[in-house]
Amino acid sequence: MKVAILGYSGSGKSTLATKLGDIYNVPVLHLDSVKFTANWQERDPLEAKNMVQNFMQQSNWIIDGNYKNYYVKERLKQATYIIELNFNRVDCFIRCLNRFIKYHGQTRADLPLGCTEKMDYEFISWLLYKGRLPKHAAFLRAVRKHYNKKTIVMYNQHELDLFLKFIGFESKSNHIENIENIVDTVIMNRLRRPKERIVTRPRRYVRSHVRK
């Protein structure tokens, strides 16, 4: 199983990657840890690309992060599933603020040593504005369109929690490595409660269920 996790900064990509890695016993690569070395210094681009390329040689992997320069076409093509966390900027800001309070003066497990948690002007600007420019939204739309049959989109923490809840149930029973079955179950839950958006497949897929 190969999973590529995309989405806006602060949406929880690294946390989700870690949880999926633990559940399915699959190696995880956080692209932030590739981009940066100690004390938030940027890694040599060639070295960083080699790290990603070598990691992708494995038969199973989970990679979180957008980073178009790090073999994004190859990542998306090889991925069994693409998970997109399309949270709004307010939710992402609150998540990052809570994360900063929790890890203030510390380094999170998904970052290189010495990259202490920060919430400076540059990061906030990226979180609320620069990282939300139309070109970034266009990239995610293009991924959904091109890989519509294997892309899973979640829009808030409730949807993500429900997704992980079903994964937890499967891992405790048969440990089925088929995320699509879980998504199908969640979609049927959505159809029983049509006013609440839970997890979305491409619209064409969802409508086919609605017609039934």
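In this predicted model, the count of aromatic pairs comes to 2. For one of them, select Phe 36 and Trp 40: the ring centres are 5.1 Å apart and the planes meet at 75°, over the 60 degrees required, so the pair is edge-to-face. Phe 36 counts as buried, because its relative accessibility of 17% is under 20%. Trp 40, at 23%, is partly exposed.

Next, select Tyr 67 and Tyr 70, an aromatic pair that is stacked, with 5.3 Å from centre to centre and 15° between the planes. Tyr 67 is partly exposed at a relative accessible area of 24%, whereas Tyr 70 is buried at 6%.

Then display Lys 49 with Tyr 71: Lys 49 lies over the face of the ring, 5.1 Å from the ring centre.

Now switch to a cartoon view. In what order do the strands of the open sheet run? The order of the 5 strands is E2-E3-E1-E4-E5, with parallel pairing. Strand E2 (28–30) and strand E5 (151–154) are the edge strands, each pairing on one side only. On average, neighbouring strands are turned by 15° against each other, direction ignored.

Select E1 (residues 2–7) and E4 (residues 81–85), which pair in the parallel sense over 5 bridges. Ile 5 has Ile 83 in E4 as its bridge partner.

Finally, select the helices. Helix H1 (residues 13–24) packs on the sheet and touches E1, E2, strand E3 (61–64) and E4; its direction makes about 160° with that of E1. Helix H7 (residues 134–146) also packs on the sheet, touching E1, E4 and E5, and its direction makes about 145° with that of E1.

Note on methods. Residues numbered from 1 in each chain as written. Predicted model: local features only at pLDDT ≥ 70, side-chain atom pairs only at ≥ 80, totals over all residues. Heavy atoms only, no water. Phe/Tyr/Trp six-rings, centres within 6.5 Å; stacked < 30°, edge-to-face > 60°. Buried < 20%, exposed > 50% of the residue type's maximum accessible area, 1.4 Å probe, protein only. Lys NZ or Arg CZ within 6 Å of the ring centre and 35° of its normal. Pairing = 2+ DSSP bridges. Helix = DSSP H or I, 4+ residues; strand = E, 2+ residues; numbered from the N terminus. Axes fitted to C-alpha atoms, helices over the stretch in contact; angles between N-to-C directions. Contact = heavy atoms within 4.5 Å.
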